[in-house]
Protein chains: 2
Amino acid sequence: MSFFQGISEPELGLFVDLYELTMAQAYHAQGLEQPAVFTLHFRTMPPGRNFVVACGQHHAARLASQLRFPRQQLQRLAELGHFEGAFLDWLAGFRFTGEIRVLPEGTPVFPHEPLLEVEAPVVQAQLLETLLMNYISTETVLATKAVRTVLAAAGRPVVDFGMRRMHGFDAALRGVRSYRTAGLTATSNVLGSLQYGLPATGTMAHSFIQVHSDEMEAFRAFARLYPGTTLLVDTYDTLAGVDKVIALVRDEGLQVGAIRIDSGDLAQLARAARKRLDQAGYREIRIIVSSGLDEWSVRDLIAAGAPIDGFGVGTRLGVSEDAPSLDFAYKLTAYDGEPRLKSSPGKKVLPGRKQVWRCYDQAGCMVEDIIGCHREQHTGEPLLITAVSQGQPVSPAPDPEQSRQRLQLSLERMPKPLLALELADQPYTVRISDALEALYRQTLQAVTGGGATVAPDDLETGTGHLK
Amino acid sequence: MSFFQGISEPELGLFVDLYELTMAQAYHAQGLEQPAVFTLHFRTMPPGRNFVVACGQHHAARLASQLRFPRQQLQRLAELGHFEGAFLDWLAGFRFTGEIRVLPEGTPVFPHEPLLEVEAPVVQAQLLETLLMNYISTETVLATKAVRTVLAAAGRPVVDFGMRRMHGFDAALRGVRSYRTAGLTATSNVLGSLQYGLPATGTMAHSFIQVHSDEMEAFRAFARLYPGTTLLVDTYDTLAGVDKVIALVRDEGLQVGAIRIDSGDLAQLARAARKRLDQAGYREIRIIVSSGLDEWSVRDLIAAGAPIDGFGVGTRLGVSEDAPSLDFAYKLTAYDGEPRLKSSPGKKVLPGRKQVWRCYDQAGCMVEDIIGCHREQHTGEPLLITAVSQGQPVSPAPDPEQSRQRLQLSLERMPKPLLALELADQPYTVRISDALEALYRQTLQAVTGGGATVAPDDLETGTGHLK
């Protein structure tokens, strides 16, 4: 008997909210099979963010295109008592036949911009809702937090130490892909490293020191086995630990690449440790710190001039502590060729099939984005690309190195105030095209029977800057 | 070709931080095979919490006892370049042979109390670190948030709608187990429901309404297919939606169990909807609300006297928005029969193998917990039980209904102020036994060579109340 708990590939189709299946059965029973457009976007900028890094959408699109409902899983579904044989038979033959357009992995994105659009028979598109949202949400939240940490570190290496307190296996693993896109240097996560190609790294735990009769003996054993390794010096007395490292290197010729400090006043201890290492002539031994770090404390340590060569960042990155969710929505915006909207207060949606154009000035700096109807022409770079067409992926899976480079280039072209940890005085401008705005008003009037008063600021968002 | 990304059972052994493997290889090379004790606990109460609900530790212990390193996975490990053949051969034969003691699932727990202790040859115990921490952390964080939501709802049903914005598949699924323990009524998560036995439920999405030419037609189609269902009334105009539901029930005899309101001023709309339903004679049609709810907004809605019969709670529960992590630590506390400690500032650990006794007054109300050395005798209920002995689970997997009942009973016996959403003026008392405190001081003195000054408040925690 196995105690493994998780999700197997055949079960993926059951990773849905119940209503997607009950609605699908209703569509099926009613013969509602016309194409629909669903748009995945977020409504408001998460707290403290100037931009969000879209991650996971291309992979999610490929995953969705492979969705199946094996018979064995349908038997489990039948247990719920909501589904009839005809619908379950239909599910058994389910194949996604539509189109999915996505922002490339690693694209900075702003409120109301589609990260992904699905165009498919409504019953197919509806069934993808939760799978797409959960998948993309996870990687996007983590990449957005991670890039802030990388920016704060101002070129010094940032290493992921967070897997132990992340929310489950899946987040810990796919987080590594987000971190690679965001520019982290390495991860302690072995399986994540093997799956996503971010180098694996690690130091040692306090337990290793404690198991040995003394700290010196532990350092000696570890560095002999792993020449050039990092030694953890704060188990008992940090500076005494540093002195032991120096003695081992000097007297026994051990090779030590770095020391790690994991508690106490990191800036002060790093300074004192640097001084001792330098005085002993070991300028090449680096200093790594960890202990509850996030982008703010990384920035403060650098601002304080602490001689730190790398940061191990764990929990606060791994759960995106200050903004653990994004208000993603996956909304119907067209059915049977007609734009559709809901008019629920505070939850506005842009109708139809759309495109996002990113506009640059002559120096190559981003100046504004335009969200428009997909057939419009605008100067600027159209961002949404086709990932799945007629149910099949149209390109290889995104190369993670390319995703990283794309984000890096975007950061270079972004208005500088958006790269600060603080909220920029002036949020980035996202403009709704005249044609889309007209379509919005017209569609809203149609659904509310002309009774709705559309205030000019109806499309404004809290921290976005929709014009 | 499959695009499924996840973790398969054979890969579970690679769900480790690299240092666990490098340390294990070092222990193995040095022949350090004596038994160690590792304790899993958290140091400080997460913000805003009066107690934490321990979840996942019994299942994690069983999972750990089954850990294997199949040859195919070892080949992947070899790619990392850190591991020698002798160690990989040893991993191929890895079997956990030790003991794991745990708090029963659903036990309220406080800072410094062990949720789990592992006693095993050090190399085995070390390899379990990340697996145990990630697994337990996920379920404990979610159960702790969930029970607050259930308490706020004061007996009204709370339903999980959160899977779409949770961190990955694994968290969304195992979250359902936490929610069941915490007393949620149902979940929208189909696979989670099938895996963990919390009833599946759901309503309909706005998209279903929008696909139909008018709202009435959508309601009619859905309620005919699912008599007694819940209809979502806020797509266009909430009270007009309610009137349509009334008309359908009155004129066409449709059976409707409830309406759902998902936007706007929920209290005001619920009142107005209730009035219309009652005036039409449909007192039995219930009102369900959703839309960014958490324990605070649920409490406010109830305090405002809003006629709400159930709450759909999503994102803020699913990511534990205000406290998405717990500062869990998995620390060596004994090796080869001797207590061990580190003395890193601010990161105190209690030495040795321990027990927690929960003490009740004559009325059966919890008065204090005592953390002591495991061989001590105290009045009170000893909480840690053996889940795995000599590498084998000693009892069946915990019954989820029993876990729920255990938590429910604990809540009834807990000092009332701890059940409030606000921080209690007086945190629950956790006392360190005299024997354990003496051991702590003695061990600390041993590791610091008598140089450490142990201040009386060394064991105090921020929001715990250690005496």
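## Close-up views of a predicted two-chain model

**View 1. B:Ser433 is partly exposed in this predicted model.** B:Ser433 has 17 other C-beta atoms within 10 Å, so the residue counts as partly exposed. The model shown here and in every other view is predicted. B:Ser433 sits in the loop between strand S19 (430-432) and helix H16 (434-447) of chain B. Leaving aside residues up to four places away in sequence, B:Ser433 touches B:Ile370, B:Ile371, B:Gly372, B:Cys373 and B:Glu376. B:Thr379 lies 54 residues from B:Ser433 along the chain. The C-alpha atoms of B:Ser433 and B:Thr379 are separated by 12 Å.

**View 2. B:His112 is a buried loop residue with a positive phi.** The loop here runs between strand S4 (107-109) and strand S5 (116-121) of chain B, and B:His112 is found in it. B:His112 is not a glycine, yet its phi is positive, at about 75°. The burial of B:His112 follows from a count: 23 other C-beta atoms lie within 10 Å, and 20 or more make a residue buried.

**View 3. A:Gln390 is an exposed loop residue with a positive phi.** A:Gln390 belongs to the loop between strand S17 (385-389) and strand S18 (392-393) of chain A. Its phi is about 45°, a positive value, although A:Gln390 is not a glycine. A:Gln390 has 11 C-beta neighbours inside 10 Å and therefore counts as exposed. The cut-off for an exposed residue is 12 or fewer.

**View 4. B:Asp265 lies in a loop between a strand and a helix.** Strand S9 (256-261) and helix H12 (266-279) of chain B are the elements on either side of the loop that holds B:Asp265. B:Asp265 counts as partly exposed because it has 13 C-beta neighbours inside 10 Å. B:His82 is 183 residues from B:Asp265 in sequence. In space, the two are 59 Å apart, C-alpha to C-alpha.

**View 5. An open sheet of six strands in chain A has parallel pairing.** The strand order is S7-S6-S11-S10-S9-S8. Strand S7 (186-187) and strand S8 (229-232) of chain A are the edge strands, and each pairs on one side only. S8(A) pairs with strand S9 (residues 256-261) of chain A. That pairing is parallel and has four bridges. A:Thr229 stands opposite A:Val256 in S9(A).

**View 6. Two domains of chain A meet.** Domain 1 of chain A covers 9-142 + 323-459, and domain 2 covers 155-318. The centres of domain 1 and domain 2 of chain A, taken over C-alpha atoms, are 39 Å apart. In the contact, 13 residues of domain 1 of chain A meet 14 residues of domain 2 of chain A. On the side of domain 1 of chain A that touches domain 2 of chain A, helix H6 (129-153) and helix H15 (400-413) of chain A are the elements that give two or more residues. H15(A) gives the most to that side, with five residues. By class, the domain 1 side has six nonpolar, four polar and three charged residues.

**View 7. Chain A carries helices and strands.** Chain A has 16 helices and 19 strands. Its C-alpha atoms fill a box of roughly 85 × 60 × 35 Å along the principal axes. Of the 467 residues in chain A, 56% are buried. Among contacts in chain A with a separation of 6 or more, 73% join residues 24 or more positions apart.

**View 8. Chain A and chain B touch.** Each chain brings residues to the contact: 92 residues from chain B and 92 residues from chain A. Helix H1 (residues 18-30) of chain B gives the most to the chain B side, with nine residues. That side has 45 nonpolar, 31 polar and 16 charged residues. A rotation of 180° with 0.0 Å of shift along its axis superposes chain B on chain A, with RMSD 0.0 Å. The two copies are therefore related as by a two-fold rotation axis. The same surface serves both copies, and 100% of the contact residues of chain B recur in chain A.

**View 9. The largest nonpolar core has 278 residues.** The residues with the most contacts inside this core are A:Ala36, A:Leu132, A:Leu231, B:Ala36, B:Leu132 and B:Leu231. What does B:Ala36 touch, not counting residues up to four places away in sequence? Its contacts are A:Val211, B:Ala120, B:Val122, B:Ala125, B:Leu332, B:Ala334 and B:Tyr335. In soluble globular proteins, nonpolar side chains tend to be buried together.

Key. Residues are numbered from 1 along each chain as its sequence is written. Chains are lettered from A and ligands numbered from 1 in the order in which they are written. This is a predicted model: local features need pLDDT of at least 70, side-chain atom pairs count only at pLDDT 80 or more; totals for chains, interfaces and linings use all residues. Two residues are in contact if their C-beta atoms, placed from the backbone, lie within 7 Å. Ala, Val, Leu, Ile, Met, Phe, Trp, Tyr, Cys and Pro count as nonpolar, Asp, Glu, Lys and Arg as charged, and the others, Gly among them, as polar. A nonpolar core is a set of buried Ala, Val, Leu, Ile, Met, Phe, Trp, Tyr and Cys residues joined through C-beta atoms within 7 Å. Copies are superposed by least squares on the C-alpha atoms of residues with pLDDT of at least 70 in both. Domain bounds come from an automatic or database domain assignment. Two strands pair if DSSP finds at least two bridges between them.
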